[in-house]
Amino acid sequence: MATLELQHISKSFDGLKAIDDLSIRFERGSVTSLIGPNGAGKTTLLNLVSGLISPDSGKILYNNQKLNGLAPWQRADRGFGRLWQDVRIFQNLTVLDNILLARKNHPGELIFKNIYQLNCIKQFEKENIEHANRWLEFVGLNKKQQTLARDLSYGQQKMLAFARLLNNDANVLLLDEPTSGVHPRFVEKIIDLIRNIAKNGKTIIIIEHNFNVVAQISHTICLMIKGRIELQDNPNKVAQSLLLKEVYLGI
Amino acid sequence: MNYIYHIFILINIYSILALSLNLLVGYTGLLSIAHAAFYGIGAYITTLFMANFMLGFIPALIFGCLGATVLSLIIAFASLRFRGDYFVLASLAFQIIVYTILYNWIDFTRGPYGIPGIPKPAIFGIEITSLPAFFLFSLIITVIVLGLLYWLLHAPFGRVLQAIRDDELAAVALGKNVTSFKIKSFLVASGVAAIAGAIYATYVTYIDPTSFDLDESILLVSMVIVGGTGNVKGPLVGVLMLILLPEALRFLSIPDTFAAQLRLIIYGFLLIIMMQLRPQGIAGKYQFE
Amino acid sequence: MLAQFIINGLIEGSLYALMAFGFGLVYHSTRIFHIAHGAIYTSSAYFLYLFFIIMHIHLVLSIILSLICTCFIGLAIQMFVYNPVLKKQPNLLILFISSLGAYIILINLIVLLFGNETKILLTDIEPIIQLGDLIIIRIQLVQFTVSLIIILTAIVVLKNNRFGYLIQALADDQQLLSVLGINIKNMRLLVIAIGSVFAGCAALLKSLDVGMDPYIGMDMLLTSAVAVIIGGVGNYVGAVFSAVALGILQSLIVWQTSAHWEIAITFVVLLLILFIRPYGLFSPKRRAEEI
Ligand SMILES: Nc1ncnc2c1ncn2[C@@H]1O[C@H](COP(=O)(O)OP(=O)(O)OP(=O)(O)O)[C@@H](O)[C@H]1O
Ligand SMILES: [Mg+2]
């Protein structure tokens, strides 16, 4: 069973404990939601998993192999994909290029292969374009292929980021607030999308403020407060918990 | 007619320089003010191997390119650690250090006296001495080099560079080894600049450090920025403008002493105006973020 | 000999410190890599040449006039070069290139008007002050004293005054300024005016000693920019000390080798320090998401 496991992870920023001795396991094919107030350390947790920051202590294991010390791009190579809280699409590239780029191990990215393996590259790129078109259609951007990413609306940019992630073919998807700022019409779509991806055996970790969305898609919900997971259970149980009400409604 | 050939040879040399600089500035997003240093390193090393070791043009050129690419690792390393104005400053530092070495390392470069009598290139035993022949020779090299660069920039390789420019972190998270791409873009850009240096040295048959000083780097950056960054067309427009401008001034029969400064003043104004009206340059695509 | 070169370096360093202070004010508060500061320095020397030598105005009056004109050059750069960019797209590299444009224009105007040759202001031989083995020329003493006074005053003002606080606010919290009812544009103009006067003072002190050519500004600018970055942007005392240290270092290099290595070594120092402390000596590390 392919799993991602965090063991006793801690991380502080200038004395502020953003993650405090946190341990958790994410099973393959599961959807886990992280909820919690602002500043709880949710994004920091994803940053630790993607390797943008390294923990002060603790281990991160993926399929029982240690990830600590691997560079972010190496982790991405092993199948970690990221959707950013602030979109982070490539503003000056076209929509299509944004997606084409996400394809891993493209031979055309190596300088010399461009000289002696042209056919192989052409073939690869052709397939890449086919995939990309499929994803573009999937997120409803197929008419915007040649538009510059910067000219898309925020909601469209978010969908583009999704399509890019899909073409990145990741096994563990780290989604930071995928529905925030998105038109309600797309929210349904994103929910379907996430369910579908999970069915294909991918691991999904999602940060989400909208509890309705969370309840619909997650197998497990983790309530994070001040760098700790205070509650971890299935959606029904969490929905009934007092702690959640306390946090969300201030009761 | 000789004069026309001269202008076209200059355009060839500067097109190579501007396009390779654009690889850094407009594609990878690194505003480097050290391009004249690589141009100079290429010129000096090629000259050294041709004059002292009697190598032919092509073997000497290969050494020149190797020298420039190896030295570019220093500044590539800087680009991994600094961004924005700190990188600009680091590249400026590199430019000044290289210039100082060219100027002071008398044994190797003859310092301010320069190296005269550089042999003309010979290809397949044909010595290229006449001006039209040299023009043809430089044109062929330019077309090959620009063609390869164009190809590379339009391949997925160039696409990754642009992604790194737009958002390094997002590129990393997609599995792109940004470190390696940055280093590669420096290797290519500096190696290509060295080719321009070799053409220049064998064309003028005399080099001294002042052709590769900070002002030259600034001129190159101006060409790229005024013409436009982020595509292939932009820098070429910049080269045409900035090379033809002084010639235009000459036709307006402005005295030579005056024209040199006037030309630079116009460059200055162009830079300021472009930054206010069209930061992506006249024919460019990308504007700095 | 060593002591002599250290003294010379110290005096040279005090001029760097003056220049660095001006550059640091602009760079700290607006983050503009104000390369035109070098051209402002050069112009100032040429204003003095214009008033004092060409127009035969009394030296003191010429100095005052030069400083006023220098100030106006700074203001003009802020208004016509930086402000339009700041209004549309406050972007560091765009500002840097604009600044470079202004530098190129000013320097070449100077060449057009005054030519390339070195110009001397004072032709009389300066009296020498002998302290044991050490020789100090009177003008050097003036350079050192005046810079010291200006720098000390400036540091005291920045430390104990609302102004220092406002500069900091301009650097990292412009909203605070608007809340306090302060016009950011005017504040920027004030900063560049002060910065230009600092550059002007350094230029006048230096050119009274050794004269001028159109290219004196660049080396001066580069060294002082390095001092600001080594010292830590916003840390004025740090910048002053770094400037003096660089002055001494350069003087020792001139002593040991030929003069042309000094700027290169300054930059080697910069690179080393940047590599050891990638975010500058004193500035805090940035957030991971921005790295
Ligand atoms: N690179 C960093 N440097 C310093 N402090 C940081 C850094 N990243 C996060 N923090 C701090 O750590 C704490 C947790 O931040 P984090 O972004 O993980 O919260 P979050 O749960 O994602 O909140 P939100 O819901 O607002 O996105 C915050 O107090 C934040 O200021
Ligand atoms: Mg967050």
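Predicted model: local features only at pLDDT ≥ 70, side-chain atom pairs only at ≥ 80, totals over all residues.
**Entry 1: a strand residue in chain A**

Strands here are DSSP runs of E, at least two residues long, numbered from the N terminus. With that settled, I looked up A:Glu5 and found it in strand S1 of chain A, which covers residues 3-13.

Is A:Glu5 buried or exposed? Its relative accessibility is 16%, and buried means under 20%, so A:Glu5 counts as buried. I then checked what its side chain does: there is a polar contact with the side chain of A:Gln7, at 3.4 Å. Setting aside neighbours within four places in sequence, I listed A:Ile24, A:Arg25, A:Lys59, A:Ile60 and A:Leu61 as the residues in contact with A:Glu5.

**Entry 2: where chain B meets chain A**

Next I went to the contact of chains A and B. Chain A puts in 32 residues and chain B 26. The area buried between the two is about 2600 Å², and carbon and sulfur atoms give 65% of that. On the chain B side, the residues that lose the most area to chain A are B:Trp151, B:Arg159 and B:Leu174, together 26% of what that side buries.

I counted four salt bridges between chain B and chain A. One I looked at joins A:Arg88 to B:Asp167, with the closest N and O atoms 2.7 Å apart.

H7(B) has the largest share, eight residues. By class, the side of chain B that touches chain A has 16 nonpolar, three polar and seven charged residues.

**Entry 3: where chain B meets chain C**

Then I turned to the other partner of chain B. Here 40 residues of chain B are in contact with 47 of chain C. Chain B and chain C bury about 4100 Å² between them, with 76% of it on carbon and sulfur atoms. B:Tyr86, B:Leu89 and B:Gln276 supply 17% of the area that chain B buries against chain C, more than any other three residues.

How many salt bridges cross the interface of chain B and chain C? I got zero. I did get three residue pairs in polar contact, both residues at pLDDT 80 or more. Helices H3 (57-81), H4 (84-104), H10 (214-227) and H12 (256-277) of chain B each give two or more residues to this side. H4(B) gives the largest share, 14 residues. The classes for the side of chain B that touches chain C came out as 29 nonpolar, seven polar and four charged.

I followed up C:Tyr82: beyond its neighbours within four places in sequence, its contacts include C:Ile32, C:His34, C:Ile77, C:Leu95 and C:Ile192.

**Entry 4: a helix in chain C**

I finished on helix H6 of chain C, residues 162-172, where C:Phe163, C:Gly164, C:Leu166, C:Ile167, C:Ala169 and C:Leu170 are buried. What covers the buried residues of H6(C) includes helices H1, H5, H7, H8 and H10 of chain C.

Technical notes:
Residues numbered from 1 in each chain as written. Chains lettered and ligands numbered in written order. Heavy atoms only, no water. Buried < 20%, exposed > 50% of the residue type's maximum accessible area, 1.4 Å probe, protein only. Helix = DSSP H or I, 4+ residues; strand = E, 2+ residues; numbered from the N terminus. Contact = heavy atoms within 4.5 Å. Buried area = accessible area lost by both parts, 1.4 Å probe. Salt bridge = Lys/Arg side-chain N within 4 Å of Asp/Glu carboxyl O. Nonpolar A, V, L, I, M, F, W, Y, C, P; charged D, E, K, R; others polar. Polar contact = N/O pair within 3.5 Å; in protein donor to acceptor, adjacent residues only side chain to side chain.
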